[in-house]
Each structure stands twice: as C-alpha cells, then as structure tokens.
Amino acid sequence: MSSIILSTTIRLLLPLLLLFSVFLLLRGHNEPGGGFVGGLVAAAAISLYALAEGVEAAHRILIVNPRQLIAGGLLTALGSGIIPLFLGRPFQSGLWLPHSLPVLGHVGTPLLFDLGVYLLVAGMALLIVLSLMEEE
Amino acid sequence: MLLAVLCGFVAALFAPLGFRRFPLWAGRFAPLLPLGLFLFFLSHIGPVSRGEPVVVTAPWIPSLGIDFALYLDGLGMLFALLVTGIGFLIFLYTPAYLGGDRRQGTLFAWLFAFMAAMLGTTLAGNLITLFVFWELTGLCSYLLIGFDHEAEGSRSAALQALLVTGGGGLALLAGFLLLGGVVGSMELPVLLASGDLVRNHPLYLPILLLLLGGAFTKSAQFPFHFWLPNAMAAPTPISAYLHSATMVKLGIYLLARFSPVLAGTELWLALVAGVGGLTMLVGGILAVLEHDLKRILAWSTVSALGILTLLLGVGTPAAITAAILLLLTHALYKSSLFLVAGALDHGAGSRDTRQLGGLARRMPWLAVAAILAALAMAGLPPLFGFITKESIYAALFLSPWEPLLLTGLMLAANGLMVTVAVITGLGPFLGKGAPALAAYHPLPPTLWLAPLLPAALGLLLGLVPNMVAPLLLRPAIAVVQAAPVNTVLALWHGFNFELLLSAATLVVGLLIVLSRRRLLALLPASWQEGGFTQDGGFVLLLRALLRGARLQTIIVQNGRLRYYLMATIGVAMGSMGLTFLESGGLPGSLAWPSGYLHEWLAAGIIVAGALTVTVTDSRLGAVVALGTVGYGVSLVYILYGAPDLAMTQFCIETLAIVLFVLVLYRLPLFTLLSTPVVRLRDACMAAAIGGLMTLLMFYVLAQPLVPHVSDFFLANSLPAAHGRNVVNVILVDFRALDTLGEIVVLAVAALGVFGLMQSRRSDGEGK
Amino acid sequence: MESVFAVVVGILYATGLYLMVRRSIVKTIFGLALLGNGANLLIFTVGRLSAGRPPYVPIGALEPLPPVADPLPQALILTAIVIGFGVQAFALVLIKQVFQTVGSDDVDEMTTTDRIADDGGQG
C-alpha cells in the first residue's frame, strides 16, 4: 500500500495534524475540543502515516511504544487527581495557577487530567491499529 | 470481653506458623489460651451470678445499625466456662494424640477459631452477632470433620454436616429476621422482655418453626440426627469437643436462650418435647446396636441431646433445672469418655468394643477416668450424674403433660444410657484381656490426664453439689426460666419415688447389657456389624438435586450465544414493556415533527445506512454503510449543538473504518446460515424491540424535562471550574472520577486487543 | 424533531439486534456497532434536541445564555463513543482470532471449547 501521493501528502500533513491535535487539547476547556478528540486526531494522523510509510516508520516517529503511552496517560490522569491530596484537598479537586501562562493559557490540574486522557486515547487507538497492521 | 472472644481468631492466624517453627512449645502453650479465658470468665462470675449481665457493644456496620454486642449472663457464663474448660482439656490432649502430625498447626488454627466462634455464639448480645458466629462454628466443624481430607468418607461426612447445619442456619437467619421484625429490635435484652408480644403474634408459628429448624439441625434431633455419627470421621479430640461437649449443644443453647420468648405454648410443648423424646429413644437404641466406641458415644450423644430437648420442651421449672444439670453433667462425662476412646485407639490400636477388654492394669489412670465417667453416665451415686438423673425423674414425674408416658420413656432411655456406660466405660477395662491387641504401647500422661479431670470433677460436684449451684447453675436456670430461682442440690433425697426409678433404671440397663449379645444375635445378619447410617433420605435428596441441576443446565446453558442474548434482552424488554403498559400508555401526544429538510436528511441517512448493513451480502458494502450511519449520527450532533460529539464521532468513525479495512479480508464472507423462518422470527423479535424502544422514548419525551443537574453544571462551569466548554468541564473536572474509570476501561480494551494478537502470534510460533 | 429520532433509534435498535442474533459471527460486530450508535442517539434525543447553541459560556458572560443544549448527555455520550470504539475493536479482533482458530463463522458450532482443544492437539 505505497502511493507517492499519499506518502507525500502525509509527510506534509503529519506535523500539521499533530499540532492541530495539541491545539484541540489545549483549547478544549473553553472551545470545542479536549483530550478525547485530540488523542483521536493524533492517533488518526499517525495511523495514516503508518498506512503510507509502514508500521516501522510509524513506530520510529512515535519514539515510545503505544503501551507506554497508555501507561503514561493513566499515570498522568491519576497524578493530576493525587496532587490536591498533598494540599489537603479531596481527590481530584481542581487546582489552578493564579495567572495565565503564555501559549498554554490558564493552567490547572484539570488540564493535566485532559493531557492524561489525550495520551491514553492516542495510545489505545494506536495500539489497536498498529498491532493489526503488524499482522499484515 | 471483646478481646476475650476475638483472641481465638488471632491465635488461629498464628497457629500454623507457630506449630511449624516450634512444634513442641506451641503444643505446650496452646492450652494456656483456653485456660486463661476460663479464668477470665470465672473472674466475672460474681456479678453474673447476682443477675447482673455484662454487656459490651461496639459499632460494627453502623450504616445498617448493626452493632457487635456481647451479653454475658448466667446461661452464657455456663456455656463460656464449658467451652473454655473443655477446650483446655482438648488442647492439652491433642498434641499427644496427633503425635508429630505435620498438619497439627492447621488443626489448632481451626480449633482456636472454633473456640472463638463458640464463645461468640453463646455470648452474642444480638441476633446478627449470634447468627454470624453460629455459622462460623458450622464452618469450623466442616473443616475439622474433613481434617483427614484425603479420605473420601471424611469429605462426604464434612459436607453432609455442613449442608445439614448450614440449611438449618438459613432457617435460623430467616427466623431471626422475622423475630427482629416482630419485636422491632435485634438486641437480646429487648427480645427477652417481649415474650408475650411474640407468642401472641400471627407470625409466631413461622418464627418458632424456623428457629427450631436451626436448633434441631445443629443439635442433631430427629430427623436430622444422621449427620452426627458420620461426623465421627473427625479426629477423636475434635469429636469430643465439637460433637459432644459444645457445638451440638448450640441447638440446646438456642432453645434455652429463647425459652422466655417462645416457650409456654401448646405448640412448643408438642414440637420440642415430641421431637426430643423421639430423638432420645432412637439415639439410645442405635447406640447399643453399634460396636465402634466412637459411634456408640455419638448415638448416645444424640440420645442425651434428645433428653435435653425433651426437658426444655416440657419447660417447667423443675425440667429446666434438670436440663441445665444434664448439660453440665453430659459435657463432663461425655468429653471424658470420648477422650478415653481416643486414648484407647492411640494406646491399644482399636475402637471395637468386641476386641477391647481387661486393660485396667495396663492403663490404670485411664481406667479410673473411664469408670468415673461411666458411673456418671449411668447416674450412680455419689456422682453428679446421679443428682442429674434424680432431678430428671422428678421433673418428668411432675410434668403437666403425660407424666407417666414421659417417665416411662425416660426410664427406657436412661436404661439404654446405663448400657452404653457399661459398654464404653467398663467393657474395655474389665474382664478378660483380648488377645488381638498387639499394638499396645504406653500412654503419654496428657492422654489420661485430660479425660481424668472432667471425670473427677463429676465426682467432686456430686459430693459437694452446692459449691457450684448458687454461682453457676442457679443463674443459668434463672435466665432460661426468666425468674429468680433458689435451687438447692443434694445427693441424698431420702427414699422416694425417684430413687425407686433410679434403681429401676439400673436394673433395666443391666438387663439390656446381659441380654445384648442374645438380642443382637436375633437381628438380621446385615445389622450385626453396626455402622448404622441414617442418611438414606439425605443422600437421595442430594442426588435428586444434582440430577435436577444437570437437567436445568442442559436446558438453560445450551452454549448458544444468541439464545442467551435473546433471553437477556427479552427479559429486560419484557419488564420494561410491562412497566410501560402499567403506567397507562403515553401521557400525552407529541407534536408532529416540523424540522428542516437537512434534519430529515440526517435521519434518512442513518436509517438507510442501518437497513443497508442489515440486508447487504457484501462485507465491504456493510462497512461503508456502517460508516454512513456513523457520519449521519455525527451530522445529528452538529445540527443540535454538540460540536465536541460530532468531532469525536467523526474521528472514531474514520478509525473504525481503517480498522475494519485492516481486518475485513481476514474475516469470513457473509453467509446465510439461518432458514427463512428463523430469519422472519428474528426480524419480528427485533422489530418488536425496536418499536418498544421508540414507544419508550415517546413516553419519556412526553414528560417534562427536569434539568437540575445540567443547570448546576451550566451555572458553575466558568466561576468554579474556569472553563467555558461545559462538556469538557464536566468530563475533566465535575465528573473526572467517571472519566478516570472510563479511560481505564479503554486501556483494558486496548491491552485486550494487544494480548489477543500476541497470543495468536505465540501460538503460531509454537507450531 | 424528537419523535423522528425516536423512530430512528428504534430502527437502529431493531437492525442492531437482528444482526446480533445471526449465526454468522461477523454480522454480530456490525450489530454491536449499530446498537452503540442507537444507544448514543437515544441519550442525546432524550436530553432534548435544541437547534444551534452548543453549551459554551460566551466570552464576557458568567454562564451560557439560554436556550442552550444540555451538556450532560453530551458528556455521557462523548466517553461512550470512545469506549464503544474500544469494545468494537476488541470484538473485531476476538472474532478474527476465533475464526482463524475454529475455521468456522457459525456461532452454533462454537458451543464448546473441548473440540477446539482437541483440534489444537491434533494440529
């Protein structure tokens, strides 16, 4: 399944799509978007790349393997819930930095939680798609 | 006191380790726990004997209003002292009996746990506590009977005991719940004070029957008497402890404990006294037909339990006094005789009464113990058993119900007891030595000391009966009778009718002993060997149950996924449909839809896609149609203000199509496997369910929407959670815990896929 | 428009269930997918369809201006969609493996695991 058009397109599109997925994640708290959609877009982008360039190439781009993404996502989400415990607040209460940061905007534990969701969803979709592709 | 009850469980935890590391010292220290507990309870005897119960309460399940309550009164004290006192003897005896068995630690763990459970049952201050510990004793009994778990007989005996007493336990629970409901409290003191309320309540009959069901199964009353002799598969000290002195007395405890609440009616008299009388005769007759020491003792235990039940059934002050006396006497002499039987088994290598004889010279102390216990059993002066027997006769002779009949039956039962006493206590030690006993070896001292102690205590109590009467017996009698008593015991009552009856008992017993050989010879040959199992009915019942279960499995578990699915969905839909019908149809009519063309278009795309998936016979076509459905749904989300959903659905649909394409050509072609009739049936069922769903939605949509929760989210999204996208705020902040759960599900699903692929791969490599 | 979508949901349920009780195992996945879409649409419709306004707080306001779509069903459905995908993928792979192992796509021939084990032993 190698087509020059697809592989050229995807090489151009991949960074854009990944950037877009992060953009979706970051603005998710205020505009349409969020960790679920972001993760899926990222997974779709890398899946397309894998279709064009092969599973090996996709793994190279990913650096970590999808299972580590899943584990990392779960730990991030859990960690975001645990942070408030250290400050004597209930599990998963939202904590926010007092001022907005440039680029990231308003930052708090819910954003961290969303990041965890993003990583996990992307990892899940990639694990399923890539391991099916490897069977080919 | 809480600690006193529960420390047995703690000891049970450490027993296996202790016995593995220090087998010798653990065996020496183990008896100290029951001894310490015995002394502890003894130290409370002052206030308890003055009629001031010790009450301890600790919260247990506060959300259900259930407390862990202990209640130590006269009756509880008697049982607590029996449990710990006899427990001490058993713990002293067991290490020597088992020798160096490597499973000693396990046995002791169960024993410790059993002792704690017994204490908990007899000292329980409310019905729930009582029930929990009651079941724990049954569980320990199961484990202890099945201790020799490599033997088929032990396992089936253990299971039988568990099923019988467990079934009774269920009846007991139901009875307790009814009783608690009637009285409005589960606490023992409240219950004990509301006897009249319960006796006049319409639910009295079921309560009584259920409680008796629990008591009769535990105490092996007819027709549940069959499990007790089979339980003799347990090691002898276990039989002595559980199946003669303590656990089987729990049924008696229950009758005694609830006498103030339930006794005093015609029904009580007829049921309890009737069953007790029958049991005492059946047990006595079967006892003299056996040859195995332990089985003889087991049947005579059944008989003694029958006498106890009979006395509690009669329920006059004199009868209750006699019952409490017999409770104590029987525990002392029967545990002693069991331990003697165990020692004989250990030292002489046999339990068959036809082989044992003339061992008095070789085992002098054991002989003393056995003879003292036997005399107590036979009810001869100056032993405590004599006082007991006199009081039984006195009680029955003055019984308000059939005094002559009861006295006559008791004469027969006691005559049989005399016979048993002669066979088990005197037979092995007197007379000629049997030649077959080559296996003889000398006994360790604890093996004769443990049976000697209770036997000697029986003698001591007989000589000075009023030493314990005011402290121990009188308070217990008072509790059962729910009125203060002033029992005075004496060995010598003068020449009266009871003495005459005692003499007659002896004569009857000795006559049976003398004629036993000849009587046995008259019986059919198959009866000569003894070993009566009375569990034919039980075995049949069990077999029928198993057959029924198998039949049901064949019908219900037919292994066809779609029938399971149909049944599940059918039931769910059926109950929903019924609810719908009961509510009286649609509450109002819906407005005729007035949507724009694009809304109708979205709906049309979905329907067309769904129908295409269903009827197409091309796999690719089905995938495309399924994608159409998905994109159609995503269109709906866009149209009605849910851009987040639309985006997610769009991405998912794309990924799903990639997935299907990857797998599709490894999947089988669509094949038509069902006949047209089956397809029509399924189509009708599916259409019916779809229609029902639509109706239900109409129903819901016709109700006004009550959006309290959503209003809260809408109002607080920005001020409290700093987010403008309310959907996202719900997901990552308000309901983040749910989301956490959901992403865990995702992770598991992904790992499941991965695992499936891996397993396939490794299978392939294996080949 | 709710009543129209009530009918659509009914049709999705009916087709989904019809496919799920087929003997051909592949069809059950399609049934599962249709049923998932039906359930999501059900929740969405029961929460009322209001054309237009998504549940966002406009800049400068403290809370959304009514009328606005109900955010709660949306949050429920969002995770349900993704989980539905996970389940679908799992079922798909499971059925693929089963088909490759058993060599049949007839559910009625998969009533016992013993035969598979035997076949495995022979193979």
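Visitor: Hi! Where do I start with chain B: how many helices and strands does its secondary structure come to?

Guide: Welcome! Chain B comes to 33 helices and two strands. Keep in mind that the model is predicted.

Visitor: And what share of chain B counts as buried?

Guide: Chain B has 767 residues, and 50% of them count as buried. For contacts in chain B between residues at least 6 apart in sequence, 78% join residues at least 24 apart.

Visitor: Back to the strands. Which way do S1 and S2 of chain B run, parallel or antiparallel?

Guide: Strand S1 (residues 54-61) and strand S2 (residues 66-72) of chain B run antiparallel, joined by seven bridges. As one example of the pairing, B:Pro59 stands opposite B:Asp67 in S2(B).

Visitor: What sits between the strands in that hairpin?

Guide: Four residues lie between S1(B) and S2(B), and in this hairpin B:Gly65 takes a positive phi near 70 degrees.

Visitor: On to helices. At what angle do H5 and H6 of chain B pack?

Guide: Helix H5 (residues 74-98) and helix H6 (residues 104-123) of chain B pack at about 175 degrees, and their axes are 9 Å apart. An angle over 145 degrees counts as roughly antiparallel, so that is how H5(B) and H6(B) lie to each other.

Visitor: Which residues meet there?

Guide: From H5(B) they include B:Phe79, B:Val83 and B:Phe91, and from H6(B) they include B:Leu107, B:Leu111 and B:Met115. By class, the contact of H5(B) with H6(B) has twelve nonpolar, four polar and no charged residues.

Visitor: How many residues of chain C and chain B take part in their contact?

Guide: The contact takes 78 residues from chain C and 86 residues from chain B. Helix H1 (2-20), helix H2 (25-46) and helix H3 (71-102) of chain C each supply at least two residues of the side that touches chain B. The largest share of that side, 22 residues, comes from H3(C). By class, the side of chain C has 50 nonpolar, 16 polar and twelve charged residues.

Visitor: And how many residues of chain A are in contact with chain B?

Guide: There, 38 residues of chain A are in contact with 34 residues of chain B. On the chain A side, helix H2 (35-53), helix H4 (66-86) and helix H5 (109-135) give two or more residues.

Visitor: Which of those gives the most?

Guide: H5(A) does, with 15 residues. The side of chain A that touches chain B has 23 nonpolar, eleven polar and four charged residues.

Notes:
Residues are numbered from 1 along each chain as its sequence is written. Chains are lettered from A and ligands numbered from 1 in the order in which they are written. This is a predicted model: local features need pLDDT of at least 70, side-chain atom pairs count only at pLDDT 80 or more; totals for chains, interfaces and linings use all residues. Two residues are in contact if their C-beta atoms, placed from the backbone, lie within 7 Å. Ala, Val, Leu, Ile, Met, Phe, Trp, Tyr, Cys and Pro count as nonpolar, Asp, Glu, Lys and Arg as charged, and the others, Gly among them, as polar. A residue is buried if 20 or more other C-beta atoms lie within 10 Å of its own, exposed if 12 or fewer, and partly exposed in between; C-beta atoms are placed from the backbone. Two strands pair if DSSP finds at least two bridges between them. Axes are lines fitted to C-alpha atoms, for helices over the stretch in contact, and angles run from 0 to 180 degrees between N-to-C directions. Angles under 35 degrees count as roughly parallel, over 145 as roughly antiparallel, 65 to 115 as roughly perpendicular and the rest as oblique.
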